[in-house]
Amino acid sequence: MINVGLIGFGYWGPNLARNISFNPDLELAAICDFSSDRLKAAKQHYPRVNLYKDLDDFFNDTALDAIAIATPVATHFKLAKKALLTGRHVWLEKPMTETVPQAEELIELAEQKNKVLLVDHTFVYTGEVRKIKEVIDKGELGDMIYYDSTRVNLGLFQQDINVVWDLAPHDISIMDYLMPFKKIEVSATGSHYYGNGIVPKSLLTIYMENNTIAHINVSWVSPVKIRQTLIGGSSKMILYDDNQPSEKIKIYDKGVVLGHTMEELYRLKVQYRVGDMYAPKIDDQEALALESSHFADCIINGKKPLTDGKAGLEVVKVLVAAEKSLKLKGAPVQLA
Ligand SMILES: NC(=O)c1ccc[n+]([C@@H]2O[C@H](COP(=O)([O-])OP(=O)(O)OC[C@H]3O[C@@H](n4cnc5c(N)ncnc54)[C@H](O)[C@@H]3O)[C@@H](O)[C@H]2O)c1
């Protein structure tokens, strides 16, 4: 049994607590939160779990083998570093860190200490994203052309980060998993309409190798909730609509064929291919349940997590570049 301590019992932490406590290989052994109200809520759900208000007391709990961190991003580096230095495996919420050097330091430390460092890119573990990966890997879509997502709603305004750091990690991590292409440049536009310096709505463009492109539209100020992703290939295209109760993925045998002869090109001759659509069956296991089992498996069998520190670093690199581009009103920023 792997004893896990959780830091942060706010909005997302309770989801981790529930999945950790249901997992047969993991034991939810402790919860730490500096809010008395949140500790009271934790006690109601988990009366037998050790509760800590003080971080030092929590880290001094020698029973803990692993630490899950579900606090705001500004705290991630310090807490994850302490967890690794005290010999614990780490489950770290997205986005991994505030800066690229911080993410690199955590990766190095996890390697040195021989500990598992999993970054919670939850969507990668959903049945929908796993199914899309299967379809792409079979070559059904042909050559990949674009990733185009809209993730907007009347959202929870964050006090410390803009919408890019809050919502775009989901899309960047999904895209990295499905289309692991070299990313070249990022351009991001947005504005802080509400006078608090926080950007609530932004459009990111990511230029990748082979002329592949991503558009990621994120917003907390949309009157309706839209969670739609279009993934375009030369042979087929996918619509992933996470708001649908069923048939969340539709695979369209549609495409565009450009003429190749000089005359066809001169006349801009384009043919549209319109074929069938099918909606594949999706595994409906909760993503966090699968991810918890994967975390345990990595610890027990010394495996590397699917969403490891390197995956977390890739996302942080894009976020940092996007933040720079936002300040430059969308000027493209190179990705190293
Ligand atoms: N994977 C996902 O799909 C997903 C979804 C939502 C949030 N998140 C991530 O989870 C993290 C937390 O987000 P949230 O929305 O739950 O935030 P939140 O503000 O609702 O909760 C954070 C909790 O941590 C506590 N806390 C903060 N700093 C602390 C510290 N130093 N010591 C002890 N307790 C501390 C706060 O009191 C609060 O209860 C963020 O990194 C966020 O990006 C991930």
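Q: What share of the contacts in the protein with a separation of 6 or more comes from residues 24 or more positions apart?
A: This is a predicted model: local features need pLDDT of at least 70, side-chain atom pairs count only at pLDDT 80 or more, and totals for chains, interfaces and linings use all residues. Residues are numbered from 1 along each chain as its sequence is written, and side-chain values use heavy atoms, without hydrogens and water. Contact means heavy atoms within 4.5 Å. Among contacts with a separation of 6 or more, the share from residues 24 or more positions apart is 66%.

Q: What is the radius of gyration of the protein, and why does it agree with a compact globule?
A: The radius is taken over C-alpha atoms, and the globule rule is 2.2 Å times the number of residues to the power 0.38. For 336 residues a compact globule would come near 20 Å, so the protein agrees with its 21 Å.

Q: Is histidine 121 buried or exposed, and why?
A: Histidine 121 sits in the loop between β6 (117-120) and α6 (127-137); helices (H or I, at least four residues) and strands (E, at least two) are DSSP runs, numbered from the N terminus. Beyond its neighbours within four places in sequence, its contacts are Lys94, Ser173, Glu291, Thr307, Ala311, Gly312 and Val315. Because its relative accessibility is 3%, histidine 121 counts as buried.

Q: Where does alanine 322 lie, and which residues does it touch, not counting those up to four places away in sequence?
A: Alanine 322 is part of helix α10, residues 309-327. Its relative accessibility is 0%, so it counts as buried. Its partners are Val164, Val186, Ala188 and Leu204.

Q: How far apart are the C-alpha atoms of alanine 322 and glycine 233?
A: Along the chain, alanine 322 and glycine 233 are 89 residues apart. Their C-alpha atoms are separated by 25 Å.

Key: Buried means under 20% relative accessible area, exposed over 50%, partly exposed in between (1.4 Å probe, protein chains only).
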